[in-house]
Structures are given as C-alpha cells and as structure tokens.
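The sequence and coordinates are shown below.

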Amino acid sequence: MASILAIDDEKAVLTLIKNILQMDHHIVTALSDPEKIFDLQLGNFDLILLDVMMPNVDGFTLCGQIRDKVDCPIIFLTAKTMENDIMVGLSEGADDYILKPFGAGELQARINAHLRREKRQHRNVLCVGNIHFNLSGKEISIHNETIPFTKAEYEICELLAKNRGQIFSKEEIYESVFGYDGESDSCTIVVHIKNIRAKFSKFQVLPIETIWGIGYKWC
C-alpha cells in the first residue's frame, strides 16, 4: 500500500485513476487544481502522477517546481508522443511517463513497478504535519522558520520522525545517535528530549510523546 498523489484537471480521469489504484489498496489523493499542490505535505507521498496538459500551469513547469521538494517518483500522464516533449519532461526531473489513454492493467503494472524499484531514502525532505525536515542540510523548520537544534537534538528528532509511531528506549536512542562508544550515558537523552520539547513548544507543537517505563515515540 502506498500514498499516491494524482493531479489532472479532468475529474473523470482522476476518478478513473483513483478507482484503479484503490484496487491495489493504495491511498490516492486526487487534485484537479494543480496550483493547490503547494497546500499539501508533498513529502508524505510515495509517488506522484502528474498530467502534462493543464490550464494555468503545465505539468512540466509544476514538476520543476516540486522536484527539489520530493524524492519520490514523479510520473507524467501525457497524450503527447513527440520525443522532444518527453525529453523536456524527463529533464525537469520526472522518472517516467504513461501515455493517455491507458488501461487499468497498464496503470497498475507501471505504478507498482516503480514502487517496487523505489529504494531511495528520502534524502532531501521529510514533512510530518507542519514540521519540515531538510535531511541534507540537517535542519528542521516550521512555517519556513528554522528551529536552532543542536546536532544531537536534530539526530534524535530525525530518528523518531522517520520511525513515527515506534517506541524507542533511552538506550536505543543513545546508541543510534552517539554510537556504542559514546562517552556519556542514556540519561543525557532525557535532557535532550526536554530541550527539544522546549524549542518545539514555541510553535505550539509537541511531537515527542513519553511512553512511561518504556521510552519515547514521535506522535
């Protein structure tokens, strides 16, 4: 099961895509207004289907605008078959294209093949609610304001956010962040968590939950 974003100005096409992909138990978010894409947390999607011919903004332009914000595969839906058009799309950062009209079997097979092959870590961004991780820059921001975390605080947040819902003990967090040969002990994690919460609280956000007697998890 994957989370898929489908963008097409034709609502009938979106309905078709949604019905087909839901047969494979994928969660499909359908968007008929491409300009509303920036209201979404793009880092939460495993794959994006993007129509080329849309009013106001075409798929090529939109792909170029979002490519540095997501690491997931972007696949064009296009009726254009000219090589130059396809090359333009791929140069903007798309991974593949599917020609319209397409059959249910073809769409399912192409989407699932990309999802199976997708082994990339999310190197650039991770969005969890309003919290935005710049994974390459090791920064966390909310509403475009960077939060001044220390290296250790950032590493703790990234560990928990990437494994949200999973409970980690103080010892597991310490070993993941500092390694087995760290010079302190797991009690320092309590202090780091306290500092992290204080910095998040300024934004009315408290993402780290204490599971008493066990450890911590990202809500």
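In what sense do strand 1 and strand 2 pair, and over how many bridges?

## Parallel sheet

Strand 1, which covers residues 3–7, pairs with strand 2 in the parallel sense, and five bridges connect them. Within this pair, Ile7 is placed opposite Leu31 of strand 2. The model is a predicted one.

The pair belongs to an open sheet of five strands, ordered 2-1-3-4-5, with parallel pairing. Its edges are taken by strand 2 (27–31) and strand 5 (96–99), each of which pairs on one side only. On average, neighbouring strands of this sheet are turned by 20° against each other, direction ignored. Helix 4, residues 104–117, lies across strand 1, strand 3 (47–51), strand 4 (74–78) and strand 5. Relative to strand 5, helix 4 runs at about 175°.

A second open sheet consists of four strands in the order 6-7-8-9, and here the pairing is antiparallel. Strand 6 (125–128) and strand 9 (145–147) are at the edges and have a single partner strand each, so one side of each is left without a neighbour in the sheet. The twist from one strand to the next averages 30°. As a general point, strands of a sheet pair through backbone hydrogen bonds, in either a parallel or an antiparallel arrangement.

Four bridges link strand 7 and strand 8, which pair in the antiparallel sense. Ile131 stands opposite Ile142 in strand 8, and Asn134 stands opposite Glu139 in strand 8. Strand 8 is also joined to strand 9, by three bridges, and the two run antiparallel. In that pairing, Ser141 has Thr146 of strand 9 as its bridge partner.

## Turns and other backbone details

Which residue in the turn between strand 7 and strand 8 has a positive phi? The two strands form a hairpin with four residues between them, and the residue in question is Lys138, with phi at about 55°. The hairpin of strand 8 and strand 9 has two residues between its strands. In its turn, His143 has a positive phi of about 50°.

Two other backbone features lie in loops. Asn56, although not a glycine, has a positive phi of about 75°; Asn56 belongs to the loop between strand 3 and helix 2 (59–66). The peptide bond from Lys100 to Pro101 is cis, with omega near -5°. Pro101 is located in the loop between strand 5 and helix 4.

## Helix 5 and Glu155

Helix 5 (residues 151–162) lies across strand 6, strand 7 and strand 8, and runs at about 110° to strand 7. Glu155 is part of helix 5.

With neighbours within four places in sequence left aside, Glu155 is in contact with Lys138 and Val177. Glu155 and Val191 are 36 residues apart along the chain, and their C-alpha atoms are separated by 14 Å.

## Largest pocket

What is the volume of the largest pocket? The value is about 420 Å³. The lining comprises 18 residues, of which Leu40, Gln41, Cys127, His132 and Asn144 are the closest to the centre of the pocket.

Strand 7 (131–134) and strand 8 (139–142) each contribute at least two residues to the lining. Sorted by class, the lining contains seven nonpolar, nine polar and two charged residues.

## Confidence

The chain has a mean pLDDT of 86, with 92% of its residues at 70 or more. Where in the chain is confidence lowest, and where is it highest? The lowest value belongs to helix 3 (residues 83–91), with a mean of 69, and the highest to helix 1 (residues 11–22), at 95.

Note on methods. Residues are numbered from 1 along each chain as its sequence is written. This is a predicted model: local features need pLDDT of at least 70, side-chain atom pairs count only at pLDDT 80 or more; totals for chains, interfaces and linings use all residues. Side-chain values use heavy atoms; hydrogens and water are left out. On a 1 Å grid over the protein atoms alone, a cavity is a set of points where a 1.4 Å probe fits but cannot get out, and a pocket is an open set with protein on both sides within 12 Å along at least five of seven lines; lining residues have an atom within 4 Å of a point. Grid points are joined across faces, edges and corners, and a volume is the space filled by probe spheres set on the points. Ala, Val, Leu, Ile, Met, Phe, Trp, Tyr, Cys and Pro count as nonpolar, Asp, Glu, Lys and Arg as charged, and the others, Gly among them, as polar. Two strands pair if DSSP finds at least two bridges between them. Axes are lines fitted to C-alpha atoms, for helices over the stretch in contact, and angles run from 0 to 180 degrees between N-to-C directions. Contact means heavy atoms within 4.5 Å. pLDDT is the predictor's confidence in each residue, from 0 to 100.
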